[in-house]
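User: I am new to this structure and would like to learn how to read it feature by feature. Could you take me through it, giving the general idea before each case?

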Amino acid sequence: MEANFVSSALAGVQNNRSVKRSLDRLKSLFSSGTHQLNGTLGKKVFVLLALGGGAFSLVKFYKAKNEGSSKQSGLIIDLKDKNSKKDKKRNVTKVDAVFFRRLAKIIRIVIPSLKSKEFLSLLYLTALLFARTMLSVSIAEIAGKNAQNLVARKWKEMRNGVLKFALVSIPASFVNSSLKYETDMLALRFRKRLSEYVHKEYLEGVNFYKASHLGGADRIDNADQRVTSDIEQFCNSMSSLYTTLFKPFLDLVLFTRKLVVVMGWGSPLLMFGYFIVSGFLKKLIMPPFGRLTAKQSELEGNYRTVHQRLITNAEEIAFYDGSRKERQIINLSFGDIYNHTGYVSYLKCLVGIFDGFLVKYCASIVGYGCMVLPIYTGIRGSSGKDSTELTKDYIRNTQLMVALSQAIGQLVLLGNKVTLMAGYTSRVSELLEMIKSIKERGTSQFTIVHEDDVPNPLTNSPVNDKYDSSVDMSSWLEEWRKRSDQTRIVKRQQSNRSSSSSSSNAVVHGGGTFVEGDFIKFENVSIVSPEGKLLVENLDFQVMPNQNVMITGPNGSGKSSLFRILGELWPLHCGTVIKPRKEDILFVPQKPYLVLGTLRDQIIYPHSHDDMKKLGVTDDDLQHLLATVDPNLTIIRQWNWDDTKDWFTALSGGQKQRIAMARLFYHRPQYAILDECTSAVSDEVEGKIYETCKKLGITLFTVSHRPQLRAYHDYVLLFNGRGGWEWSKIDHEDDHLKKPLSH
């Protein structure tokens, strides 16, 4: 009974119209409130997620940068002594007295006189900047008047104001476009004047040669980068800096004068005080963008240099099969640019956050205070004006205040551009100072330094202490030969497994055939140059292991072309060539290729340090190999294996050739091609080199015209330069020389 009564009562309440309308109203309010709540909450969640993601990315990048800051690629070569006072002076990239002194010298070069085109262009640019500021004041007046007429519904005056605005916009458009054009042209004229000056000084006499080869401490690194890209960046930065400096300063004077007339001194002083404080705070957190910019240019120059080295030494690298090592070097060089640019962008992002908050948003808040101040205090009769006049004042003063705040903000942000320009100024000034130093010094005599002279062993690296000079080199070389043979067998088995599905012969359509074998044999081979010139016709000879061959002939007769055929750099025109695998033939040029990297890399190229470890080779082994060609240990005593230098300039001619021969002993190929590669070493060391090659079982092809080298060879291959050739066995008794080592 009670349950039926309750259910009937509830049914009656639900059927009541007033109650039903109340419930529907409550549901609609709840649903609209929930929708509004959900919309507001969604926006907040979205904003928080965006802020959190941005902050997480910045923190993650900062941690990654700190973790990787200690990792160096080893490709940035320090050519000069960083501890010298002279070099410290050069490397200054701060905005200080040195920067302004350097900038003044460059300005005297790009603007030589008051009658020069550059100075006249500067005057015209100044006139355009002044006209733009005056037009901005006029537009602010017109906008304020139009707003007053709109509020007062004065349609005729409103129409005239719009027409006046349209008329003013025509010269304003011309001035704005001309400003961009004249700024670009001024930078181009600066670049022309500065480039011509550098070309005149750099290419005077043989200064370009002295700067890159005889400069010593004044040697110019990355000269092409400095003369081209750095000068361009400097001139663009300098032209932009003038417009960035002059226009805000002009706006500051004119807009302040106008605001003082209409608002009094209170509002402008408030704005000035704010920006002084913000500028001081900005100076405290400003990163060293000048130094970072100079570093960026240096890294770009290094990246260009590694590509130039690849082009210049393409043949030597191809003979060594060093493409993998060179690719690693180029990737490391680009990685330096990538990491540095990312770090600079990260700093710019942080500075941009501070600038946006301080210069844009906080400045707007201060601007509202400046707008309220004259109305609140009744300055210039503002308290007695009606709404239309206040609207006109508000629109006009707003535009003037916005323009003034932008001018002050640009002056505050001017520090960013000045510090960036300091980096380019440093790079260009170093170029000019180096050229001047080379010219003033002239051609001074060289100091004689004997190759065997080394520093005091007490101050040397610990490499010397680890080297055991009492080792029997003959026994050690025999052991090294056995280890190399075992390594070659393993490599050959791996190569056979990987190439089991392919043919061992490489045929060029319409040409000859390469066949893999344990000896070298040419059968009816004609050597043709890429230009189509027949260098050697029907070449036919065979070289078995331990039969050294001496190759002679005039220049252009085909000696080097023969080795390009062996190295498979040139296609085989006709005939058949039987030869070992490419890695079993090593080419040693007269000027050895020295890779960017450590001293160890010079010996093991194109292997990496990890490759060396996998082969079971240690630094002690490298020391033994180097000691065979460097008995006085001049190289080992001067540098550590991990030292990174510009080895092309650090090593003498004889030391370079000794490094190349140690590289030959490290790889221990079956056949080696020596192209006048012992001309800079003594006869004693030269004899030891050939003796070591015999002990290691390396068969030699030697390109040389020196008769004394016949003692180390069994056959002579003579090219006559007219396509003919002659193969003969050396009779050492007739030469009255000692027996060949391969006998």
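Analyst: Let us begin with the idea of a pocket: on a 1 Å grid over the protein atoms, it is an open set of points with protein on both sides within 12 Å along at least five of seven lines, and a residue counts as lining when it has an atom within 4 Å of a point. Rolling a probe the size of a water molecule over the atoms shows where empty space is left. Please keep in mind throughout that this is a predicted model.

User: Which residues lie nearest the centre of the second largest pocket, and how many residues line it?

Analyst: The lining of the second largest pocket is made up of 30 residues, and those nearest its centre are K491, E583, H607, L615 and H667. Two or more lining residues are given by each of α11 (314-320), α12 (323-377), α15 (473-498), β7 (585-588), α18 (609-614) and α22 (653-667). The largest share, 8 residues, comes from α15. The volume of this pocket is about 810 Å³, and its lining divides into 10 nonpolar, 7 polar and 13 charged residues.

User: What does the chain as a whole look like in terms of helices and strands?

Analyst: The chain has 23 helices and 11 strands, and 42% of its 743 residues count as buried. Among contacts with a separation of 6 or more, 80% are made by residues 24 or more positions apart.

User: How should I read a pair of strands, and which strands pair with β3?

Analyst: When reading a pair, look for the direction of the two strands and for the residues that stand opposite each other. Strand β3 (residues 520-528) pairs with strand β4 (residues 534-543) in the antiparallel sense, over 6 bridges, and within this pair I527 stands opposite V536. The hairpin of β3 and β4 has 5 residues between the strands, and there G532 takes a positive phi near 90 degrees. Strand β3 also pairs in the antiparallel sense with strand β6 (residues 576-579), over 3 bridges, where E523 has T576 as its bridge partner.

User: How many residues of helix α19 are buried, and what does T628 touch?

Analyst: An α-helix has 3.6 residues a turn, so residues three or four places apart point the same way. Helix α19 (residues 619-629) is mostly covered, with 9 of its 11 residues buried; among them are D621, L622 and T628. T628 counts as buried because its relative accessibility is 3%. A polar atom of the side chain of T628 lies 2.4 Å from the backbone oxygen of L625. Leaving out residues up to four places away in sequence, T628 touches M473, L477, F665, K688 and T692.

User: Where does T243 lie, and why does T243 count as buried?

Analyst: T243 lies in helix α8 (residues 223-263), and T243 counts as buried because its relative accessible area is 15%, under the 20% cut-off. A polar atom of its side chain lies 2.8 Å from the backbone oxygen of S240. Apart from neighbours within four places in sequence, T243 is in contact with L125, L129, T183 and P248.

Methods
Residues are numbered from 1 along each chain as its sequence is written. This is a predicted model: local features need pLDDT of at least 70, side-chain atom pairs count only at pLDDT 80 or more; totals for chains, interfaces and linings use all residues. Side-chain values use heavy atoms; hydrogens and water are left out. Helices (H or I, at least four residues) and strands (E, at least two) are DSSP runs, numbered from the N terminus. Buried means under 20% relative accessible area, exposed over 50%, partly exposed in between (1.4 Å probe, protein chains only). A polar contact is a pair of N or O atoms within 3.5 Å; within protein, one must be able to donate a hydrogen and the other to accept it, and residues adjacent in sequence count only if both atoms are side-chain atoms. Contact means heavy atoms within 4.5 Å. Two strands pair if DSSP finds at least two bridges between them. On a 1 Å grid over the protein atoms alone, a cavity is a set of points where a 1.4 Å probe fits but cannot get out, and a pocket is an open set with protein on both sides within 12 Å along at least five of seven lines; lining residues have an atom within 4 Å of a point. Grid points are joined across faces, edges and corners, and a volume is the space filled by probe spheres set on the points. Ala, Val, Leu, Ile, Met, Phe, Trp, Tyr, Cys and Pro count as nonpolar, Asp, Glu, Lys and Arg as charged, and the others, Gly among them, as polar.
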